[in-house]
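Hi,

Here is the structure I promised to send over. Have a look at it first, and then read on for my notes.

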Amino acid sequence: MKNRDKKMSCSDCGVLNCYRREKSFPDFCLTTNISEKEIEKVNELYRNDSLVSKISHAAAEIEGTYYGKLTRVEEIIAFAKRIGAKKIGIATCIGLMNEAKIFTKILKAKGIESYSVICKVGSTDKTEVGILEELKIQKGCHEALCNPILQAKLLNKEKTDLNVIVGLCVGHDSLFIKYSKAPVTTLITKDRVLGHNPAAALYTSGFYYKRLLEEGDI
């Protein structure tokens, strides 16, 4: 895409005036290029939709009260308690089962019930849904597909109040969120190369991972 054809967005901004309004908005700013009516329509959701209001108020309270003080694990617990969540569902990757077990122990210590569903639940071989044998990690044997839809449906059946993702694959997390009836947040974002710290690729893109900035496919 040529620069003249690009529609500018927030990642092109250098002032971030939307936060404190201490500077000036750029001409392309999304805030100033949408109508007050559209903004107010969204604000009405925060005011009048009971679930949206409860979640947004709890999130703002945690941010304002504990900014830079709590770990992600602690923030999830604080959030769960503020929205009245009694039962937390855990959708975990098989490769992070140990971390999921530790998380359940922490929840129990804080008085919160949990229910976990592993990604391989159902034990459906990948070829049963049309995935080629050659695309398996280990060919020639049973290899269960990750089943985020079944994970979501089982947690829905358990009537969880909040679901937490623990390392689901890219795309599988999207499907889980789509089919989960309860609100979803993430504890661990999987990155098999960087020890589940995907932001490290961004921090090192100027040197170790400079290939990321090279044009062309991965």
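Below is what turned up, starting with the sheet and ending with the cysteines. One thing to keep in mind throughout is that this is a predicted model.

4 of them make up an open sheet with parallel pairing, and the order is 2-1-3-4. Strand 2 (113–118) and strand 4 (184–188) sit at the edges, each pairing on one side only. From one strand to the next, the twist averages 25°. In general, the strands of a sheet pair through backbone hydrogen bonds, in either a parallel or an antiparallel way.

Strand 1 (residues 87–92) and strand 3 run parallel and are joined by 5 bridges. If you want a specific spot to look at, threonine 92 has valine 166 in strand 3 as its bridge partner. Helix 7 (residues 172–179) packs on the sheet, where it touches strand 1, strand 3 and strand 4. The direction of helix 7 makes about 175° with that of strand 3.

Which residues does valine 164 touch, once neighbours within four places in sequence are left aside? The contacts are Ile76, Ile88, Gly89, Ile90, Ala91, Phe103, Thr185 and Leu187. Valine 164 lies in strand 3 (residues 162–166), and its relative accessible area is 0%, so it counts as buried. Isoleucine 76 is 88 residues away from valine 164 along the chain, yet their C-alpha atoms are separated by 8.6 Å.

Ile76 also turns up in helix 4 (residues 72–82), where it is buried along with Ile77, Ala78, Phe79 and Ala80. What do the buried residues of helix 4 pack against? Their partners are helix 3 (50–66), strand 1, helix 5 (97–109), strand 3 and strand 4. Just after helix 4 comes glycine 84, with a positive phi of about 75°.

**Rings and charges**

The count of aromatic pairs comes to 1. That pair is phenylalanine 207 with tyrosine 208: the ring centres are 5.0 Å apart and the planes stand at 85°, so it is edge-to-face. Are these two residues buried or exposed? Phenylalanine 207 is exposed at 58% relative accessibility, and tyrosine 208 is exposed as well, at 63%.

There are also charges over rings to look at. Arginine 20 lies over the face of tyrosine 19, 4.2 Å from the ring centre. Lysine 178 does likewise with tyrosine 179, at 5.9 Å from the ring centre.

**Cysteines**

As for burial, cysteine 146 has a relative accessible area of 17% and is buried. Cysteine 169 counts as buried too, at 11% relative accessibility. Both values fall under the 20% limit that is used for buried residues.

That's it from my side, and I'd be glad to hear what you make of it.

Cheers

How values were computed:
Residues are numbered from 1 along each chain as its sequence is written. This is a predicted model: local features need pLDDT of at least 70, side-chain atom pairs count only at pLDDT 80 or more; totals for chains, interfaces and linings use all residues. Side-chain values use heavy atoms; hydrogens and water are left out. Buried means under 20% relative accessible area, exposed over 50%, partly exposed in between (1.4 Å probe, protein chains only). Helices (H or I, at least four residues) and strands (E, at least two) are DSSP runs, numbered from the N terminus. Contact means heavy atoms within 4.5 Å. Rings of Phe, Tyr and Trp (its six-membered ring) pair if their centres lie within 6.5 Å; planes under 30 degrees apart count as stacked, over 60 as edge-to-face and the rest as tilted. A charge sits over a ring if NZ of Lys or CZ of Arg is within 6 Å of the ring centre and within 35 degrees of the ring normal. Two strands pair if DSSP finds at least two bridges between them. Axes are lines fitted to C-alpha atoms, for helices over the stretch in contact, and angles run from 0 to 180 degrees between N-to-C directions.
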